[in-house]
Amino acid sequence: MVHLVGDLVALINEVTAPNEKVFVVGHDWGAVIAWALCLYRPDKVRALVNMSVVFSRRNPRMKPLETLRSVYGDEYYISRFQEPGQIEHEFGEIGTKSVLKNFLAYRKPGPLYLPKGKAFPDTPITLPPWLSEQDVDYYAAKYEATGFTGPLNYYRALDINWEVTAPWTGSQIQVPVKFIVGDLDITYNAPGTKDYIHKGGFKKDVPLLKEVVVMEGVAHFIHEEKPHEVNQHILSFFNSSSSSSFSSCSVL
């Protein structure tokens, strides 16, 4: 994660004037990286809109994977991603397109489990209105070319990132933030998340949190399901966060 933030800082330096700050938008792993950018280099960020994945303060007493396994068990999707090559082999037997359909069409608010030998049910998959067969074909072609290992390694590095970020234990996000999430998102329905967001924990860790938007009937891919509403939320927040026009925005 530190290296990814370093890459972002280099990109920001390349496309902005000296000391100019940027507006940042993140979703899912992009949100995780955006939180890290704001945590390590708040001097580079004017304001942040993050979606789906809430800020996660570092727990100095327990590693992330230990925490996840204690809560969800070994068949939880992140637990299943840990053994290099194992889930890639299973995905290969299932088929890339089928794997992507199952992930992209997932709308249950509960946790995602991938039982060994039967990662996904045999029931037919109905694509949501925002996702076409052509979209899935495009994504599948990309994953067929590169494989799943690169993306899965983000999950495999959770404990490594925890180890190298010890100096930021207890640190706060010190940039203006707007957070958007769907009420059917598995992240919003994770144990303790709603209380953290709505009962003061989130505001304590992100003291410049300006607004939390919970969109009804929307699942994880919020920017795909409600693109116009999300764009309006982003634009209005960035306009309110700037006394003048802005030219630099990073989307993660």
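Helix H2 (residues 29–40) contains 12 residues and spans 17 Å from its first C-alpha to its last, close to the 16 Å expected at 1.5 Å a residue. The expected span is 1.5 Å times one less than the number of residues in the helix. Helices are DSSP runs of H or I with at least four residues, numbered from the N terminus. The model is predicted, so local features need pLDDT of at least 70 and side-chain atom pairs count only at pLDDT 80 or more, while totals for chains, interfaces and linings use all residues. Residues are numbered from 1 along each chain as its sequence is written, and side-chain values use heavy atoms, with hydrogens and water left out.

Of the 12 residues of H2, 11 are buried, so the helix is largely enclosed by the rest of the structure. Buried means under 20% relative accessible area, with a 1.4 Å probe and protein chains only. Among the buried residues of H2 are Trp-29, Trp-35, Cys-38 and Tyr-40.

Tyr-77 lies in helix H4 (residues 77–80) and counts as buried because its relative accessibility is 14%. Not counting residues up to four places away in sequence, Tyr-77 touches Leu-112, Tyr-113, Leu-114 and Tyr-155; contact means heavy atoms within 4.5 Å. Pro-64 is 13 residues from Tyr-77 along the chain, and their C-alpha atoms are separated by 14 Å.

Asp-205 is part of helix H11 (residues 201–205) and is buried, at 8% relative accessible area. With residues up to four places away in sequence not counted, Asp-205 touches Phe-55, Arg-57, Gln-172, Ile-173 and Tyr-196. The side chains of Asp-205 and Arg-57 are also joined by a polar contact of 3.0 Å. A polar contact is a pair of N or O atoms within 3.5 Å; within protein, one must be able to donate a hydrogen and the other to accept it, and residues adjacent in sequence count only if both atoms are side-chain atoms.

Key:
Helix = DSSP H or I, 4+ residues; strand = E, 2+ residues; numbered from the N terminus. Buried < 20%, exposed > 50% of the residue type's maximum accessible area, 1.4 Å probe, protein only.
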